[in-house]
Amino acid sequence: MRKIVVTGSDEVSRAFSKSLSSLLGAELCEPTYKTFPDGEKYLRLDCNISGAEVIYVKTMIPAQDSSIVEAVLAADAIKASGAERLVMIAPYMAYARQDRQFLAGEPVSIRAVLKALWTSGFSALATVEVHKAESLRHFPGPSLNVRPYSFMADQIGLKGSDIVVISPDLGALERAKTLAEHLGVSYDYLEKSRDRLTGNITIKPKEVSVEGKHVVIVDDIISTGSTIASAVAMLSSQGARGFTILVAHAILAPGAEERLRSVGITKIYAANTTPSTSNIVTNIDVAPLVASELRSSGIISQP
């Protein structure tokens, strides 16, 4: 089936689309986008997609709400133009951190977003490292969560017997385990404890010593930078001799770069899923990994 990659309006989505279309041997379609004076969105497809399998690429940050509306409008236009099948690639998936009802009366935000995408016409979906992979069960069609850390480690040549991979908390331990097994090294997670007498809080690996080790900290998102900065400061005091920071999404809220630099972090490796907002972030193109997993998973049809 003829394949067409349709780009989202932002530069991250456009660059990802161009890379993905080349890797998949697909045509590239760049719609016309504009914003009306009142803030409403407009798009128009400038290519023939009738009978094609269309892959729409839209990362959902910044302006997450606007990105969701754009995806819904794009789905309507693409389906109305005769696409045989429509797949969404969201390099960054918005609202993924509200994946359950923490307090009575709250929405499960990721569930609402995924159902909206399905209803608008997307029959399959892929994303890069959603906050909790099990959240994708809320999407009624086939879905794919692409975990990028091993691929990223290979791209930067990360290797060595003195490495230990650390997750900032128990909830992200599976990320550390996957990367550590790929590298053939030890892994652990950080455990927070409070001294009952002094009230002092200590953060340290539960089991593995980091003394004299090069620590690879792996996480899905850096937003405020507080978690990573605290981890680096504490692990440095415990004898870690160096750090590599690998994240899927470097959002970096205001103040994050200063917070990270204050503990000596001058480089973060991140997948190319969000805009580069800081010169301490080095983006790695994970489109080749996404293309490979799209094929092997059956999310897109074979040539």
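I call a residue buried under 20% relative accessible area, exposed over 50% and partly exposed in between, using a 1.4 Å probe and protein chains only.

I am working on a predicted model: local features need pLDDT of at least 70, side-chain atom pairs count only at pLDDT 80 or more, and totals for chains, interfaces and linings use all residues. Residues are numbered from 1 along each chain as its sequence is written, and side-chain values use heavy atoms, with hydrogens and water left out.

**Disulfide.** I looked for cysteine sulfur atoms within 2.5 Å of each other, the rule for a disulfide. The count is 1. Cys 29 pairs with Cys 47, with 1.9 Å between the sulfur atoms. I took strands (E, at least two residues) and helices (H or I, at least four) as DSSP runs, numbered from the N terminus. The S-S torsion is about -85°, so the disulfide is left-handed. Cys 29 is buried at 2% relative accessibility. Cys 47 is partly exposed at 27%.

I counted two strands as paired if DSSP finds at least two bridges between them. Strand S3 (residues 32-35) and S4 run antiparallel, joined by 4 bridges. Thr 32 sits opposite Arg 44. The hairpin leaves 5 residues between S3 and S4, and Gly 39 in the turn has a positive phi of about 100°.

**Sheet.** I found an open sheet of 6 strands in the order S2-S1-S5-S6-S7-S8, with parallel pairing. S2 and strand S8 (143-146) are its edge strands.
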